[in-house]
Structures are given as structure tokens and as C-alpha cells.
Amino acid sequence: MQDFEICFAKQSQLNEIVKLNHSFVKENCCNGVVADDLEYFSTKQIAIAIVNGKVVGYAYGCFEIETKNRAYASVGDKIFYLDEMYVLPKFRKLRLGEKLFNFLQEYARQNGCQLITLNAVSKNYKSLLKFYIENLNMEFWSAFLIKKLQ
């Protein structure tokens, strides 16, 4: 069993997060993922997964206040929007994505959020749905699909 820790990143760990983000882009597992730089990450509060002293995953989001009444939320509800989550492939079997999510879920709960929302992207939609719906008990609300026309 490998030692792991889930915590918020320190400034000194941001370069490791940038490298992970670039690995995410290079993996080409999702449409629309872009490489971000140190400046971008310096304004975020980022949860990280550390295995044997090395940062191997990250997740971050932001708080939002709902401005419209929706089927799933009311005006004024505080929501945590999960912006991005990534774990290096060889560490996924440790369920670090779930652990990162649960860490941020508790953070959101402690900060008065009623919901967590996200736009999930993956070229393997079956795996994505299994992860978020079956493993994390999220509810499916919609799908945004694209067909490019020639």
C-alpha cells in the first residue's frame, strides 16, 4: 500500500501542478483541455493528492451563487463548481480522484454550499459516467453534444 495524502497545495507545489496539467493535456483523454501556466494556478485553491511525497493529482473549483431558479437550484444557493480534476493514470487505481472529490465536497459543505456542479469532459463517456454517477453518487442532468458539419 502506498502512502497518500489529500490536502490543499502550497505555493511551493504549484510547479508540480503545472506539470500535471501539461500531462493532462498530453494524455489527450478529454476534448477542450488547455495547458495552463503558473500564473493561472497561483490564484486558485487547489486540492492535491500526494503519494510518497510526490504530487500525482489535483482538483480545484470555485464558489458561485445561483442567480436563476433552476430545476436543481434556487436563486441564492451557494454552489461549488468543480472546474478541473486530474490524476496521473498509474495512480488512478488508488481511487485518488474520488478522494480529491470527497475532500472538496467536505470543503464545500463546510463553506455553506448546497450543491456541487461540474461539466465533465472525457473521450470515454462511459467511464466518465461510471465515475461521477456510480462512484460519486452525482445525478445526471444534461449532456452537451457537438457534431461538426463539413
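Which residue takes a positive phi in the hairpin of β2 and β3? That would be Asn52, with a phi near 45°, in a hairpin that has two residues between the strands. Before we go on, some ground rules: this is a predicted model, where local features need pLDDT of at least 70, side-chain atom pairs count only at pLDDT 80 or more, and totals for chains, interfaces and linings use all residues. Residues are numbered from 1 along each chain as its sequence is written, and side-chain values use heavy atoms, with hydrogens and water left out.

Helices (H or I, at least four residues) and strands (E, at least two) are DSSP runs, numbered from the N terminus. Asn52 sits in the loop between β2 and β3, and its positive phi comes in a residue other than glycine. Is Asn52 buried or exposed? With a relative accessible area of 54%, Asn52 is exposed. Here, buried means under 20% relative accessible area, exposed means over 50%, and partly exposed is in between (1.4 Å probe, protein chains only).

Now follow the strands on either side of that loop. Two strands pair if DSSP finds at least two bridges between them. β2 (46-51) and β3 (54-65) do this in the antiparallel sense, over six bridges. One spot to look at is Ile50, which stands opposite Val55 in β3.

From β3, step across to β4 (78-87). These two strands also pair in the antiparallel sense, over nine bridges. Gly57 has Val87 as its bridge partner in β4, and Ala59 stands opposite Met85 in β4. On to the next pairing: β4 and β5 run parallel and are joined by four bridges. There, Leu82 has Leu118 in β5 as its bridge partner. How many of the ten residues of β4 are buried? Eight are, so β4 is largely enclosed by the rest of the structure.

Let's look inside. In soluble globular proteins, nonpolar side chains tend to be buried together. In this model, the largest nonpolar core has 43 residues, and those with the most contacts inside it are Tyr58, Leu82, Leu96 and Tyr132. Such a core is a set of buried Ala, Val, Leu, Ile, Met, Phe, Trp, Tyr and Cys residues joined through side-chain atoms within 4.5 Å. At least two residues of this core come from each of β1, α1, β2, β3, β4, α3 (96-110), β5 (115-118) and α4.

Pick out Leu96 and see what surrounds it. Contact means heavy atoms within 4.5 Å. Leaving aside neighbours within four places in sequence, Leu96 is in contact with Phe4, Ile6, Ala49, Val51, Val56, Val87 and Phe91. Gln13 counts as buried because its relative accessible area is 12%. Not counting residues up to four places away in sequence, Gln13 touches Phe8, Ile48, Ile50 and Val55.

Next, go to the loop between β4 and α3, where you'll find Arg95. Arg95 has a positive phi of about 60° although it is not a glycine. Its relative accessible area is 45%, so Arg95 is partly exposed. The C-alpha atoms of Arg95 and Ile79 are separated by 24 Å, with the two residues 16 apart along the chain. In helix α3 itself, look for Glu106, which counts as partly exposed because its relative accessibility is 33%.

Finally, head for the segment after α4 (125-135), which is where Phe140 is found. Leaving aside neighbours within four places in sequence, Phe140 is in contact with Leu129 and Ile133. Phe140 and Leu129 are eleven residues apart along the chain, and their C-alpha atoms are separated by 8.3 Å. Which residues make a nonpolar surface patch of about 380 Å²? Tyr125, Leu129, Ile133 and Phe140 do. The accessible areas come from the Shrake-Rupley method with a 1.4 Å probe, and for residues, only the protein chains shown count as cover.

Definitions and conventions:
Patch = residues over 30% accessible without salt bridge, like charges linked within 9 Å, V, L, I, M, F, W, Y side chains within 5 Å. Salt bridge = Lys/Arg side-chain N within 4 Å of Asp/Glu carboxyl O.
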